[in-house]
Amino acid sequence: MVAFYVFVFIIGLVVGSFLNVCIYRVPLGETVVTKPSHCLNCSTPLKPWDLVPLFSYVLLKGKCRYCGVKISWQYPLVELVTGVIFLATVFNWGISWEALAMLIFFSMLVVTTVIDLYHQIIPDGVLLVGGILGMPMVYLQSLDQLKWGLIGFFAAGLLFLLIAIVSKGGMGGGDIKLAAVMGLYLGLKSVAIALFLSFLLGGLIGMLLLVTGIKGRKDPVPFGPFLAVGAVLSAFWGERMIDWYLRFL
Ligand SMILES: [Zn+2]
């Protein structure tokens, strides 16, 4: 059993390494499939052993082997987070269609979160891939799941469209589409919890950034990362949160 989970973790690290490529190349409009990886500073093509997730970074002490430029700690961090997410997902859902759906969903969220933090955009292409893959993945769990997924898709999308109109651009188009795709994967009940948590988190952290002076009142704070964190929390603990809440009442 331990060997199995180690294997799942390693798969997660490798996928995380691919997500890093997506995070870097998608905003530039570059292909994520055919072009081989290379150092961003000296352009030297990387050898297979330079691409071993986490370990190469540790072995090379965070520097390019060829030109010595510092490699961003974002790379090992994304790999590690993806590995942990894979481990937790398979631990929670076992080997199932639901686990596979969640792995695709969470991988999409990792990419949109980091891109949104750097560029304040959520690329359509990433959401499109997530949405197109999501439909059959949700259907494979059950027809009922697909029904609630589609209801969640339209409910979350329309709610955010409304917020965008009322707040006059306080919410971007990317946030609307991301909320809709979250509805598809999570279903109506869980996406409602996810959105509630993301507003709660966004409000708290936004206030903290203002009070500490890290961000001014006019500075944009991307909302996508809060949506992603809300979605992950709700996917793992949403049902239990409803139970606690009902028992509390
Ligand atoms: Zn280099």
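Q: How many residues of domain 1 are in contact with residues of domain 2?
A: In this predicted model, 17 residues of domain 1 contact 17 residues of domain 2. The size of an interface is often given as the accessible area lost when the parts come together. Here, take the residue counts instead.

Q: Where does the assignment place the two domains?
A: Domain 1 covers 1–94, and domain 2 covers 96–249. Their C-alpha centres are 24 Å apart.

Q: Which elements give two or more residues to the side of domain 1 that touches domain 2?
A: They are α1 (2–25) and α3 (74–93). Of the elements, α3 gives the most, with 10 residues. By class, this side of domain 1 has 12 nonpolar, five polar and no charged residues.

Q: Now the helices. What describes two packed helices?
A: Two values do: the angle between their axes and the distance between the axes. Take α4 (residues 97–119) and α5 (residues 124–141). They pack at an angle of about 165°, with axes 9 Å apart.

Q: Are α4 and α5 roughly parallel or roughly antiparallel?
A: Angles over 145 degrees count as roughly antiparallel. The pair α4 and α5 is therefore roughly antiparallel.

Q: Is the crossing of α4 and α5 left-handed or right-handed?
A: The crossing of α4 and α5 is left-handed.

Q: Which residues make the contact?
A: From α4, they include Trp97, Leu100, Ile104, Phe105 and Met108. From α5, they include Val126, Gly130, Leu133, Gly134 and Met137.

Q: How does the contact of α4 with α5 divide by class?
A: The contact has 12 nonpolar, four polar and one charged residues.

Technical notes: Residues are numbered from 1 along each chain as its sequence is written. This is a predicted model: local features need pLDDT of at least 70, side-chain atom pairs count only at pLDDT 80 or more; totals for chains, interfaces and linings use all residues. Axes are lines fitted to C-alpha atoms, for helices over the stretch in contact, and angles run from 0 to 180 degrees between N-to-C directions. Helices (H or I, at least four residues) and strands (E, at least two) are DSSP runs, numbered from the N terminus. Angles under 35 degrees count as roughly parallel, over 145 as roughly antiparallel, 65 to 115 as roughly perpendicular and the rest as oblique. A crossing is left-handed if the near helix is turned anticlockwise from the far one by less than a right angle, and right-handed if clockwise. Two residues are in contact if their C-beta atoms, placed from the backbone, lie within 7 Å. Ala, Val, Leu, Ile, Met, Phe, Trp, Tyr, Cys and Pro count as nonpolar, Asp, Glu, Lys and Arg as charged, and the others, Gly among them, as polar. Domain bounds come from an automatic or database domain assignment.
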